[in-house]
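Subject: Handing over the structure

Hi,

Here is the structure I promised to pass on to you. Please open it beside this message, and then read on for what was found in it.

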Amino acid sequence: DKPVDESDAAAIQAAEIRATGHVVPGGVGAEAKSAAENNARIARDEGKTTLGDLLMVDFRTQIVRARHILVFPLDDLLLYCAI
């Protein structure tokens, strides 16, 4: 699992914008941005938030409230957007 960085956050936010028209407050794009900023301050990879951590937590949280799920391929993973 790769630690989240700024390029990952930008790609996730771009997919979220394509799906919803904006970055959803508290959504996966915002979480990715926060994780990337936090990861930049951590020296060792072991303490960093990974893409898997981020997307699994967001998927589990958002799926409960979703009426529709949009799926976007994003490099070597799928991005699920709950709307």
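In helix α2, the buried residues are Val 28, Gly 29, Ala 32, Ala 35, Ala 36 and Asn 39. Viewed down the axis of α2, these buried residues fall within an arc of 125 degrees, so they line one face of the helix. The arc is taken from the directions that run from the helix axis to the C-beta atoms. Buried stands for a relative accessible area under 20%, exposed for over 50%, and partly exposed for anything in between (1.4 Å probe, protein chains only). As background, an α-helix has 3.6 residues a turn, so residues three or four places apart point the same way.

A word on where this comes from: it is a predicted model, in which local features need pLDDT of at least 70 and side-chain atom pairs count only at pLDDT 80 or more, while totals for chains, interfaces and linings use all residues. Residues are numbered from 1 along each chain as its sequence is written, and side-chain values use heavy atoms, with hydrogens and water left out.

The whole chain

Along the sequence the pattern reads α-α-α-β-β, that is, three helices and two strands. Helices (H or I, at least four residues) and strands (E, at least two) are DSSP runs, numbered from the N terminus. The chain has 83 residues, and 31% of them count as buried. Its accessible surface comes to about 5200 Å², with 55% belonging to carbon and sulfur atoms; such areas come from the Shrake-Rupley method with a 1.4 Å probe, and for residues only the protein chains shown count as cover. Of the contacts between residues at least 6 apart in sequence, 50% join residues at least 24 apart, where contact means heavy atoms within 4.5 Å.

Helix α1 covers residues 6-20; its 15 residues reach 21 Å from the first C-alpha to the last, close to the 21 Å expected at 1.5 Å a residue. The expected span is 1.5 Å times one less than the number of residues in the helix. Buried in α1 are Asp 8, Ala 9, Ile 12, Ala 15, Glu 16 and Ala 19. Seen down the axis of α1, they fall within an arc of 130 degrees, so they too line one face of their helix. After α1 comes Gly 21, which has a positive phi, near 90 degrees. As for α2, its 13 residues reach 18 Å from first C-alpha to last, close to the 18 Å expected.

The core

Which residues make up the largest nonpolar core? There are ten: Val 4, Ala 9, Ile 12, Val 28, Ala 32, Ala 35, Ala 36, Leu 51, Leu 54 and Leu 55. The elements giving two or more residues to this core are α1, α2 and α3 (51-63), and α2 gives the most, with four. A nonpolar core is a set of buried Ala, Val, Leu, Ile, Met, Phe, Trp, Tyr and Cys residues joined through side-chain atoms within 4.5 Å.

- Ala 35 sits in helix α2 (residues 28-40) and counts as buried at 7% relative accessibility. Beyond its neighbours within four places in sequence, Ala 35 is in contact with Val 4 and Thr 49. Its C-alpha is 8.3 Å from that of Thr 50, 15 residues away along the chain.
- Thr 50 lies in the loop between α2 and α3 and is buried, at 10% relative accessibility. Its side chain makes a polar contact of 3.1 Å with that of Asp 53. A polar contact is a pair of N or O atoms within 3.5 Å; within protein, one must be able to donate a hydrogen and the other to accept it, and residues adjacent in sequence count only if both atoms are side-chain atoms.
- Asp 8, in helix α1, is buried at 11% relative accessibility. A polar contact of 2.6 Å joins its side chain to that of Lys 2.
- Ala 15 is also in helix α1, and is buried with a relative accessible area of 1%. The C-alpha atoms of Ala 15 and Gly 29 are separated by 8.4 Å.
- Asp 45 is in the loop between α2 and α3 and counts as partly exposed, at 46% relative accessibility. Asp 45 and Lys 2 are 43 residues apart in sequence and 8.7 Å apart in space, C-alpha to C-alpha.

Enjoy looking around!

Best wishes
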